[in-house]
Amino acid sequence: MEGPGDPGAPAARWKRHIVRQLRQRDRTQKALFLELVPAYNRLLEKAELLARFSEKLQPEPDDVTPAVHQGPWEKESDQGLSPAALRVKWQEEAEGLRLVCGEMAYQVVEKRATLGILESQLEERQSRLAALKARVEQLEEARAKEAGQVHAQRALNEEQRAAYEALRARVGHQEAALRKLEEEARDLLEWLVQRKARAAAERNLRNERRERSPDTLGDGVREEAETLVLAAKPGSLESEAGEKWKRPFRSASATFLTVSRCVDVVKGLLDFKKRRGHSIGGAPEQRYQSIPVCVTARLPTQAQDVLDAHLSEVSAVRFGPNSSLLATGGADRLILLWNVVGGRLKANQTLEGAGGSITSVDFDPSGSQLLAATYNKAAQLWKVGEAESKETLSGHTDKVTAAKFKLTRHQAVTGSRDRTVKEWDLCRAYCSRTINVLSYCNDVVCWDHVIISGHNDQKIRFWDSRGPGCTQVIPVQGRVTSLSLSHDQLHLLSCSRDDTLKVIDLRVSNVRQVFRADGFKCGSDWTKAVFSPDRSYALAGSWDGALYIWDVDTGKLESSLRGPHSAAVNAVAWCYSGSHVVSVDQARKVVLWH
């Protein structure tokens, strides 16, 4: 039997149909003739029988009184009739019987034809039923096979996820150990250079004294001998450093520094101290911070706290690295800091001094500074704990739509509607690089030397801080409203005005997943979507006030949350611990979900 996908199946089907029709016609015509001939023969037999009866009933010529013979078919009313009348009557009855027999024979033929049609239909349906049963058995076998493969793949995914989490934890421990060793090495090198500088200063002082006092030659010789003794015992310095820093210093090149090496190291330290003196925090630069690691994010199910926080529309929200500090900004030119305590939002501080509506907020890796993009063509910097702005990053000629810290607290990137992306040195509050783009920028994300910007011309662009131009362009459908980078820096989430979210795998630079949902629609050109801390889910707010959560691995809609919001949701934030979600809308509301 041909399968449904066999190209010869239609030809075989109409051939079988023609054969069945021909067979049915043969049976119908043959049945008509087969039934008609016996019926005709029976009628002839009956006619002969009636003729013999008629001959028997005819009177003899010499009979005066005809004998009356009453057959079993005669009625009492026929006793007084003459033989001629009886013959006429019997002939009429025979003719009626022939008509009735003909009608009955025709009905029998019709019934037999109908029965043949029904039998052919039954045969066809039985063949179709058998084919469908065979197809169902094939599909059941395929389904069982696919289910087994899915089960095996899920088990493999779970194993790989467990191995990945273990590897991630191991990498975290190793990075922490590496940072500790780098700090110890830097401190030890600084301490050693200070010792060398102090020894050089003492040597110069002794030389000056010897030059001024020629009579104290013995003292100079004695001091020179002490210097030689100190130089001949490097192990003493090494052991002293080991006692101070609890780690042996085994590099001989660090102990016996040349003059040029000492000069270079001292100049580097002076430049570092100079940079540190000009910085806002006054603390040494730290590229890596201890951000809490979220193993599994919890899906929010209900609203715990609802506040009318701002005086007008709220357009930006961000959690601090410790997950307990929250910042919100809006069109009222205020940035409000909140503490998440016991499932409630408690006001912490109000940051003032913004020159325009707030479009974006971001904490530095240490959580001590906050950077905001504003509509007054600038980005502004605050120190957490101080109400007034410390620095204003001016240089754009149109609204600044995004402002983000890089991996250090002293570098930042901003995007604007003036079709430029700027890199900033926050130590000196000046623009270190300006990137000109063909379309205005709606959002930026960055790490190390890579900058990613989303634009109004439906494109995502990649830039290298060390190179002159754009390194890659990924087109998407719809204007890009936001970008979110996963914590492992391997996946990028984009939200666009075609009412979709897209997950881009940065390792192969292509779109991995596209998320859609009935009812989901971007409410504005600055609608923000984010990853969960463990990159298992994607979260975004819709124009109708609902929150939509998709599973990144399966691409299916996990849940949708409705209730407190009565206007379009502008931005959402997921804390680093994975326990809370905050959403803000155009009706001044800030909602904490748990």
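**Buried charges and cores**

Reply: Keep in mind that this is a predicted model. To start with a pair of charged residues, K404 and D443 are both buried.

Me: What do the side chains of K404 and D443 meet in?

Reply: A salt bridge, at 3.4 Å from N to O. K404 sits in strand 10 (residues 400–405) and D443 in strand 14 (residues 441–447), so the pair ties together parts that are 39 residues apart in sequence.

Me: Is E423 buried or exposed?

Reply: Buried, because its relative accessible area is 8%, under the 20% cut-off. K406 counts as buried too, at 7% relative accessibility.

Me: OK, how many salt bridges does the structure hold?

Reply: 21. One of them joins the side chains of R479 and D525, at 3.2 Å from N to O. R479 is in the loop between strand 17 (470–475) and strand 18 (480–485), and D525 is in the loop between strand 21 (510–515) and strand 22, so the pair ties together parts that are 46 residues apart in sequence.

Me: What's the relative accessible area of R479?

Reply: 31%, so R479 is partly exposed. D525 counts as buried, at 18%. There's also a network: salt bridges that share partners join R161, R512 and D553.

Me: Switching to R535, where is that found?

Reply: In the loop between strand 22 (529–531) and strand 23 (537–541). R535 is buried, at 17% relative accessible area. Its side chain makes a polar contact with the side chain of H491, at 3.5 Å.

Me: Leaving aside neighbours within four places in sequence, which residues is R535 in contact with?

Reply: S486, D488, H491, R512 and V552. R512 is also in that salt-bridge network with R161 and D553.

Me: Now the largest nonpolar core. Which residues touch the most other members?

Reply: L493, L501, F515, F520 and W550, out of 16 residues in that core. Strand 19 (491–496), strand 20 (500–505), strand 22, strand 23 and strand 24 (547–551) each supply at least two of its residues.

Me: And what does the second, separate core include?

Reply: That core has 15 residues, among them L326, L336, V584 and L592.

Note on methods. Residues are numbered from 1 along each chain as its sequence is written. This is a predicted model: local features need pLDDT of at least 70, side-chain atom pairs count only at pLDDT 80 or more; totals for chains, interfaces and linings use all residues. Side-chain values use heavy atoms; hydrogens and water are left out. Helices (H or I, at least four residues) and strands (E, at least two) are DSSP runs, numbered from the N terminus. Buried means under 20% relative accessible area, exposed over 50%, partly exposed in between (1.4 Å probe, protein chains only). A polar contact is a pair of N or O atoms within 3.5 Å; within protein, one must be able to donate a hydrogen and the other to accept it, and residues adjacent in sequence count only if both atoms are side-chain atoms. Contact means heavy atoms within 4.5 Å. A nonpolar core is a set of buried Ala, Val, Leu, Ile, Met, Phe, Trp, Tyr and Cys residues joined through side-chain atoms within 4.5 Å. A salt bridge is a side-chain nitrogen of Lys or Arg within 4 Å of a carboxyl oxygen of Asp or Glu.
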